Amino acid sequence: GRSGVELSRAELAEMAGVSSKTAIRTLSELESRGIISIESRKIRILREEYLQKIVEPFSSNLNPSLII
């Protein structure tokens with residue numbers, strides 16, 4: 001029910017700060033674990049709570065007044 005964003009493999013990799021090869025490998029690993037599914041170049045998140053747990057260590061609360 002959510003709309004998405006169209007990105008190329010290179011754009012997705014750039015956003016993640018990794019090489020295209022690493023991004024593709026990571027997506028394949030997430031798919032093999034049943035966390036996402038990939039069909040017709042579309043990624044569907046199957047286990048959102050799992051992805052949230054992965055991201056938590058990298059989350060930070062920024063003070064808006066410090067952003068330049």
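**Labels and the values behind them**

Modeller: Start with the turn. In the hairpin of S1 and S2, two residues lie between the strands, and Ser-40 has a positive phi near 50°. Keep in mind that this is a predicted model.

Biologist: What makes S1 and S2 a pair?

Modeller: Pairing needs at least two DSSP bridges. S1 and S2 are joined by four bridges, so they pair, and they run antiparallel. Within the pairing, Ile-38 stands opposite Ile-43 in S2.

Biologist: Why is Ser-40 called exposed?

Modeller: Exposed means over 50% relative accessible area. Ser-40 has 72%, so the label holds. Arg-41 has 74%, and therefore counts as exposed as well.

Biologist: Then why is Ser-37 called buried?

Modeller: The cut-off is under 20%. Ser-37 has a relative accessible area of 14%, so it is buried. Its place is in strand S1. Beyond its neighbours within four places in sequence, Ser-37 is in contact with Glu-31, Lys-42, Ile-43, Arg-44 and Leu-46.

Biologist: Which residues does Ser-20 contact beyond its neighbours within four places in sequence?

Modeller: Arg-9, Ala-10 and Ala-13. Contact here means heavy atoms within 4.5 Å.

Biologist: What makes a set of residues the largest nonpolar core here?

Modeller: The members must be buried nonpolar residues joined through side-chain atoms within 4.5 Å. Five residues make up the largest such set: Leu-27, Leu-30, Ile-35, Ile-36 and Leu-51. Leu-30 is in contact with Ile-35, Ile-36 and Leu-51, leaving aside its neighbours within four places in sequence.

Biologist: How much of the chain is buried?

Modeller: Buried residues make up 12% of the 68 residues.

Biologist: How do you know which pattern the chain follows?

Modeller: Read the elements along the sequence: the pattern is α-α-β-β-α. The chain has three helices and two strands.

Biologist: Now the largest pocket. How much space lies in it?

Modeller: About 1600 Å³. Of the 32 lining residues, the closest to the centre are Val-5, Arg-41, Lys-42, Ile-43 and Arg-44.

Biologist: What makes a residue part of the lining?

Modeller: An atom within 4 Å of a pocket point. H1, H2, S1, S2 and H3 each supply at least two residues to the lining. H2 gives the most, with seven.

Biologist: How do the lining residues divide by type?

Modeller: The lining has 15 nonpolar, nine polar and eight charged residues.

Terms used:
Residues are numbered from 1 along each chain as its sequence is written. This is a predicted model: local features need pLDDT of at least 70, side-chain atom pairs count only at pLDDT 80 or more; totals for chains, interfaces and linings use all residues. Side-chain values use heavy atoms; hydrogens and water are left out. On a 1 Å grid over the protein atoms alone, a cavity is a set of points where a 1.4 Å probe fits but cannot get out, and a pocket is an open set with protein on both sides within 12 Å along at least five of seven lines; lining residues have an atom within 4 Å of a point. Grid points are joined across faces, edges and corners, and a volume is the space filled by probe spheres set on the points. Ala, Val, Leu, Ile, Met, Phe, Trp, Tyr, Cys and Pro count as nonpolar, Asp, Glu, Lys and Arg as charged, and the others, Gly among them, as polar. Buried means under 20% relative accessible area, exposed over 50%, partly exposed in between (1.4 Å probe, protein chains only).
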